[in-house]
Amino acid sequence: MDRLTENANLMIVSDLDHTMVDHHDLENLSLLRFNALWEENYRSNSLLVFSTGRSPTLYKELRKEKPMLTPDITIMSVGTEITYGNSMEPDNGWVEYLNQKWDRNIVFEETSKISELTLQSKTEQRPHKASFYVQKDKAEDITRSLSTCLKGRGLDVKIIYSGGMDLDILPQGAGKGQALAYLHDKFKAEGKLPKNTLVCGDSGNDADLFTVPDVHGVMVSNAQEELLQWHSIYAKNNPKIIHAKERCAAGIIQAIGHFNLGPSISPRDVTDLSDTKLENFDPAYEVVKFYLFYERWRLAEVENSELYLENLKAVCSKSGNFVHPSGIEKQLHDCVDSLRPSYGDKKGQPFRVWVDQVLPVQVGSDSWLVRFKKWEQSGGERLCCLTTALLSSKDVTVADGLTWVHVHQTWLKEAGPSSDAEWLF
Ligand code: GLC
Ligand code: MG
């Protein structure tokens with residue numbers, strides 16, 4: 001992870017299902033609120049880590065279904081697979097470590113003798129994870145007898161029960177907590193231990209995360225019984241762990257505020273973003289603010305006022321250009337004009353816009369190059385453009401905000417349109 005040259009301000013290590021992602025929130029509002037908060041305030045100096053029980057196959061499926069950000073590190077299959085960056089480069093050192101006292105053939109041989117265990121799908125059986133379904137009332141007994149039996153066969157395993165139905169068998173050294181401790185050690189060796197770590201979870205396989213030394217932890221309000229029970233036995237008096245009042249990603253935001261880990265007001269919760277008082281020029285803020293306005297404009301969630309368009313023009317360079325992903329070049333000012341007829345055209349429809357991996361680089365004393373992915377979901381269609389924007393602080397004050405000088409977009413390979421798409425910005 002060499003994107004950061006210094007210690008991360010904050011490292012968030014979050015479970016996905018029912019923690020970062022609320023499967024009961026069809027509008028994904030809490031996730032989108034978290035996304036905007038992260039991209040505005042944390043992306044450039046912090047680390048986002050997803051830690052899921054899902055295999056790479058099911059993880060990728062979830063990413064297609066939900067408006068999720070791209071994490072810096074992905075830990076999958078209950079802490080048995082660690083990958084880095086957008087290309088998901090695997091950590092082979094971790095794989096080697098997990099081979100100790102582990103033989104998945106023996107695990108399957110023994111589990112096949114237990115009729116109460118139902119095998120999960122093929123995708124969820126991984127080199128260092130064997131997964132089954134088992135009824136709640138049978139879980140404890142089976143865990144106990146399996147432990148003894150596998151020990152007798154020379155293995156050292158960890159058996160985890162989650163969500164009141166899933167039973168995972170892993171090497172003893174695996175698990176979400178061990179994977180995080182391994183990452184912490186790696187960062188420490190580089191002198192880049194994050195200043196704060198916040199772990200977030202809702203179910204049994206997350207308990208491990210809360211045992212890592214020095215971390216803050218949040219069990220979201222909708223946490224499962226097995227996690228709350230674990231907490232009441234092993235961690236009740238630990239002031240660094242809270243049970244949030246809010247569900248899923250909203251609980252994560254609550255924990256950031258509770259532990260004073262940094263800003264905890266999502267830009268999505270601010271009605272008029274132009275009121276925000278900044279101390280310095282902030283390119284990430286400009287990008288998040290602009291695309292939130294754009295979403296609200298098309299949903300008619302802001303007033304239909306010429307003033308907004310005038311203000312937008314005031315922050316776009318007169319000679320500034322926009323290269324549309326279709327290859328057409330336009331003046332930025334004309335693009336602002338083209339917003340006029342789109343006011344409220346998505347009103348009442350499932351329409352959402354979010355930005356991912358907003359990474360500004362200062363390229364001159366008064367200019368920043370900001371790269372990000374701009375996503376737009378309209379009904380069932382979801383499109384994304386890799387975007388580069390040149391912003392300038394020349395001849396303006398912090399209160400005026402940065403000037404957009406140039407914007408260039410290219411369809412993301414796997415998220416371009418199938419035919420001619422309507423795409424404004
Ligand atoms: C995810 C995985 C499953 C695992 C469960 C609990 O749902 O897909 O294999 O058993 O998490 O860890
Ligand atoms: Mg979960």
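In this predicted model, ligand 1 is surrounded by G53, R54, L58, V78, Q120, E124, K129, S131, S162, D166, D168 and N205; a residue counts as near a molecule if one of its heavy atoms lies within 4 Å of it. The shell divides into two nonpolar, five polar and five charged residues. In this division, Ala, Val, Leu, Ile, Met, Phe, Trp, Tyr, Cys and Pro count as nonpolar, Asp, Glu, Lys and Arg as charged, and the others, Gly among them, as polar.

For K129, the distance from a polar side-chain atom to an oxygen atom of ligand 1 is 2.8 Å. Ligand 1 taken alone exposes 310 Å², of which the protein buries 85% (areas by the Shrake-Rupley method with a 1.4 Å probe).

The magnesium ion (ligand 2) is coordinated by D15 (OD), D17 (O) and D202 (OD) at 2.1 to 2.3 Å. Donors are N, O and S atoms within 2.8 Å of the metal (3.2 Å for Na, K and Ca); water is not among the atoms, so the site may look incomplete. Along the chain, the donors follow the spacing D-x1-D-x184-D. D17 lies in the loop between β1 (10-14) and α1 (29-41), and D202 in the loop between β10 (196-201) and β11 (216-219), so the pair ties together parts that are 185 residues apart in sequence. Helices (H or I, at least four residues) and strands (E, at least two) are DSSP runs, numbered from the N terminus. Both D17 and D202 are buried, that is, under 20% relative accessible area (1.4 Å probe, protein chains only).

UniProt, in an unreviewed entry, lists "domain: Sucrose phosphatase-like" for residues 9-260; such annotations may be inferred rather than shown by experiment. This stretch is 36% helix and 20% strand, with its end C-alpha atoms 12 Å apart. The UniProt annotation "domain: Sucrose-phosphatase C-terminal" (unreviewed entry) covers residues 283-413, where the chain is 24% helix and 44% strand and the end C-alpha atoms are 26 Å apart. T387 lies in strand β17 (residues 381-392) and is buried, with a relative accessible area of 2%. The side chains of T387 and Q409 are joined by a polar contact of 3.1 Å.

Residues are numbered from 1 along each chain as its sequence is written, and chains are lettered from A and ligands numbered from 1 in the order in which they are written. Local features need pLDDT of at least 70, side-chain atom pairs count only at pLDDT 80 or more, and totals for chains, interfaces and linings use all residues, while side-chain values use heavy atoms, with hydrogens and water left out.

Terms used:
Buried < 20%, exposed > 50% of the residue type's maximum accessible area, 1.4 Å probe, protein only. Polar contact = N/O pair within 3.5 Å; in protein donor to acceptor, adjacent residues only side chain to side chain.
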